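Student: I would like to learn how to read the features of a model like this one. Could we take them one at a time?

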Amino acid sequence: ALLKLQFLYLIGCSRHSIPRLNMTQIRVLPDGEVVINTGVHAEAAAAPAAPRDAGAPLALAGAPRSTALTPLVELGIKLCVFDMAGTTVDEGGLVYDTLKRVMREEGWNVPDDEFNAWHGANKKEVVEYFAGTNGAKGRIDAVYQSFNDELEAVYFKEDSPVKPMPGVYEYFEELRAAGIKIGLDTGFPRKIADHIIAQLNFGPYIDGSCVAMEVGHGRPYPYMVYNLMHKFAIEKACQVAKFGDTNRDIEEGLNAGTPYVYGCLSGADNEETLLKAGAYRVVKTVMDVPVGGAPNGGAKKRKAEAPLNVFAKRKFANGVH
């Protein structure tokens, strides 16, 4: 099907003077949907399409954004893997502010743009990187421990600003009612992850969690996703949906083999960054992705807000979707 699609696409380009995409920008999902990474941002995607011949098989720019998302149940999802800070946990960027401050107080040069590229990573790997660029590899353990101490102090103080994202408990309940497992994955150490889960009372709502240090490598490596798949006996990567607010969350999901990787605008990275990383859809929050009805009718249907995305479904003249 993909070869047929590529053949039709190339013919369409030559007949209608449409710029050619690299073939890696065209994907056929397990449910038969064709998605095209046009590289057009939502602002451009929201603009009216330029006039073209009715017979033209494909529009590569100016495509209208989708107005609905396919419910997870209809996609065959059996496991949702959620990032914590910025995705399911609202903490106002404290983790990144704290990490950056601790390294700068050490006297290290930590440029904002270079630091931002590490959003979503194992926090010790971030310290290791900047220790290397600052010629201070002998300080890795001390700086990392200082970061953990500082983070615990600000995260878990009596008037801590850390709280669950609005609506996340209800969303987890919908997923559980639909028979979908819920796993959390994070670059936090286990002690802090468990403390957050306990403090926000996530325990009764989730099925498990995994931290980067338990699998050897954090994002963009896929091992935390694989760990949760193994834990819940999920056979295929296409039965997993990954949610996160950073480019490394997106890369993690894609590296794990699932096409259903949702970028969330509730945290660190912006829409452009998430789309460039390859997000299947970009949404305001995880709650914007509808769950759908469970086989036993246990989950209620939700009305999802229009997603912000440029992976537009397109029809071809011969009926291929």
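Tutor: Start with burial, where a residue counts as buried under 20% relative accessible area, as exposed over 50%, and as partly exposed in between. Keep in mind that the model is predicted. By that cut-off, five of the six residues of strand β6 (residues 181–186) are buried, so β6 is largely enclosed by the rest of the structure.

Student: In what order do the strands of the open sheet stand, and with which pairing?

Tutor: Strands of a sheet pair through backbone hydrogen bonds, either parallel or antiparallel. Here the open sheet has six strands in the order β7-β6-β3-β8-β9-β10, and the pairing is parallel. Two strands stand at the edges, β7 (208–211) and β10 (281–283); each has a single partner strand, so one side of each lacks a neighbour in the sheet. From one strand to the next, the twist averages 20°.

Student: How many bridges join β3 to β6?

Tutor: Five bridges join these two parallel strands, β3 and β6, and Phe82 stands opposite Leu184 in β6. Strand β3 (residues 79–83) also pairs with strand β8 (residues 240–244), in the parallel sense over four bridges. There, Leu79 stands opposite Val240 in β8.

Student: Which residues of β7 stand opposite Leu184 and Thr186?

Tutor: Strands β6 and β7 pair in the parallel sense over four bridges. Leu184 has Ser209 of β7 opposite, and the bridge partner of Thr186 in β7 is Val211.

Student: Are the residues of β7 buried or exposed?

Tutor: Gly208 and Cys210 point one way from β7, Ser209 and Val211 point the other way, and all are buried. For Cys210 the relative accessibility is 0%. Cys238, at 24%, counts as partly exposed.

Student: How many disulfides are there?

Tutor: A disulfide is a covalent bond between the sulfur atoms of two cysteines. The test is a pair of cysteine sulfur atoms within 2.5 Å, and the count here comes to zero.

Student: How many cavities does a search of the whole structure find?

Tutor: Rolling a probe the size of a water molecule over the atoms shows where empty space is left. The search finds two cavities of 30 Å³ or more. The largest cavity holds about 70 Å³ of space. It is lined by 14 residues, and those closest to its centre are Asp83, Ala85, Tyr96, Lys123 and Arg219. By class, the lining has five nonpolar, four polar and five charged residues.

Student: Arg219 comes up there; what is the peptide bond from Arg219 to Pro220, cis or trans?

Tutor: That bond is cis, with omega near 10°. Pro220 lies in the loop between β7 and α10 (223–231).

Student: Where should I look for positive phi values?

Tutor: Take two residues other than glycine. Asn201 has phi near 55° and is found in the loop between α9 (190–199) and β7. With a relative accessible area of 43%, Asn201 is partly exposed. Ala233 also has phi near 55°, and its place is in the loop between α10 and β8. At 66% relative accessibility, Ala233 counts as exposed.

Student: Is Ser160, in its loop, buried or exposed?

Tutor: Ser160 is in the loop between α7 (140–155) and β5 (163–164). Its relative accessible area is 17%, so Ser160 is buried. Ser160 and Glu91 are 69 residues apart along the chain, while their C-alpha atoms are separated by 8.8 Å.

Technical notes: Residues numbered from 1 in each chain as written. Predicted model: local features only at pLDDT ≥ 70, side-chain atom pairs only at ≥ 80, totals over all residues. Heavy atoms only, no water. Buried < 20%, exposed > 50% of the residue type's maximum accessible area, 1.4 Å probe, protein only. 1 Å grid on protein atoms, 1.4 Å probe; cavity = no way out; pocket = protein on both sides within 12 Å on 5 of 7 lines; lining within 4 Å. Points joined across faces, edges and corners; volume = space filled by probe spheres on them. Nonpolar A, V, L, I, M, F, W, Y, C, P; charged D, E, K, R; others polar. Pairing = 2+ DSSP bridges. Axes fitted to C-alpha atoms, helices over the stretch in contact; angles between N-to-C directions.
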